[in-house]
Structures are given as structure tokens and as C-alpha cells.
Amino acid sequence: MSAACAGCGSPLRPPGAFVFRTPVGDVSKCTTCALAHGRMIRRSLLTVLVVGTALVLLNQGNVILSGSWQPDLYWKVPLTYCVPFMVATWGALANGRR
Ligand SMILES: [Zn+2]
């Protein structure tokens, strides 16, 4: 592949090249620029909002709704929100890898 990264202009060499579908067409990015791809990040954050909230309610809902906030929730809740972000981002990167 002799294309250049759409983000920074560096030459793209597989397997460190990712293709993203955008409204203006497909764009190829290097690993660093792919990790900061705005549309992918926004989609992952939307997934976090929906799936993360569902997971927190499923796993900790009884404790939260009872009003007895436990100190371990300060790390469990953020970690629960991290999981769907990592899965969504990993899936998008794996799907766009070239
Ligand atoms: Zn780049």
C-alpha cells in the first residue's frame, strides 16, 4: 500500500493501516490517527452511554437504588463503563484494519 495517512500524511504500511467509511468516502489512517478518529470515538461513546449504563444497572443497580453507596463502586462503575468503550473501539479498528 503506497497511500498516505489522511490524518498526518505518513506512509501507510499494513498492518498499521485502518480504513474508515466517512460521508465523503473512505479514508485511510495510521494507528495513531485511527485511535483519534472522531466518528469512531463518538460511536464508541454512544455505545458506552447505552451499554455501560445497562451494565451498571444490571450489576450494581440494587446497591445504587438502595442508597447504600459502597466505596468499591468508585472503581467498579468507571471500569464497567470502560468495557463497552474498549469493545466498540476494538471492533471498529479490527473491522477497518488493512
Ligand atoms: Zn496518521
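How far apart are the end C-alpha atoms of helix α3 (residues 73-96), and what span should its 24 residues have? The legends below describe a predicted model.

**View 1. Helix α3, end to end.** The end C-alpha atoms of α3 are 35 Å apart. At 1.5 Å a residue, its 24 residues should span 34 Å, so the two values agree.

**View 2. Buried positions of α3.** Four residues are shown: Thr80, Pro84, Thr89 and Ala92 of α3 are buried. Part of their cover comes from another helix: α2 (38-65) is among the elements that cover the buried residues of α3. Across the chain, 15% of the 98 residues count as buried.

**View 3. The β1-β2 hairpin.** Strands β1 (residues 17-22) and β2 (residues 25-30) run antiparallel. Six bridges join them. Two residues lie between the strands of this hairpin.

**View 4. The whole chain, for orientation.** Three helices and two strands make up the secondary structure. Their order along the sequence is β-β-α-α-α. The radius of gyration is 18 Å, whereas the globule rule gives 13 Å for 98 residues, so the chain is more spread out than a compact globule. Along its principal axes, the C-alpha trace spans about 60 × 25 × 20 Å. Contacts also reach along the sequence: of those between residues at least 6 apart, 46% join residues at least 24 apart.

Methods: Residues are numbered from 1 along each chain as its sequence is written. This is a predicted model: local features need pLDDT of at least 70, side-chain atom pairs count only at pLDDT 80 or more; totals for chains, interfaces and linings use all residues. The radius of gyration is taken over C-alpha atoms; the globule rule is 2.2 Å times the number of residues to the power 0.38. A residue is buried if 20 or more other C-beta atoms lie within 10 Å of its own, exposed if 12 or fewer, and partly exposed in between; C-beta atoms are placed from the backbone. Two residues are in contact if their C-beta atoms, placed from the backbone, lie within 7 Å. Two strands pair if DSSP finds at least two bridges between them. The expected span of a helix is 1.5 Å times one less than its number of residues.
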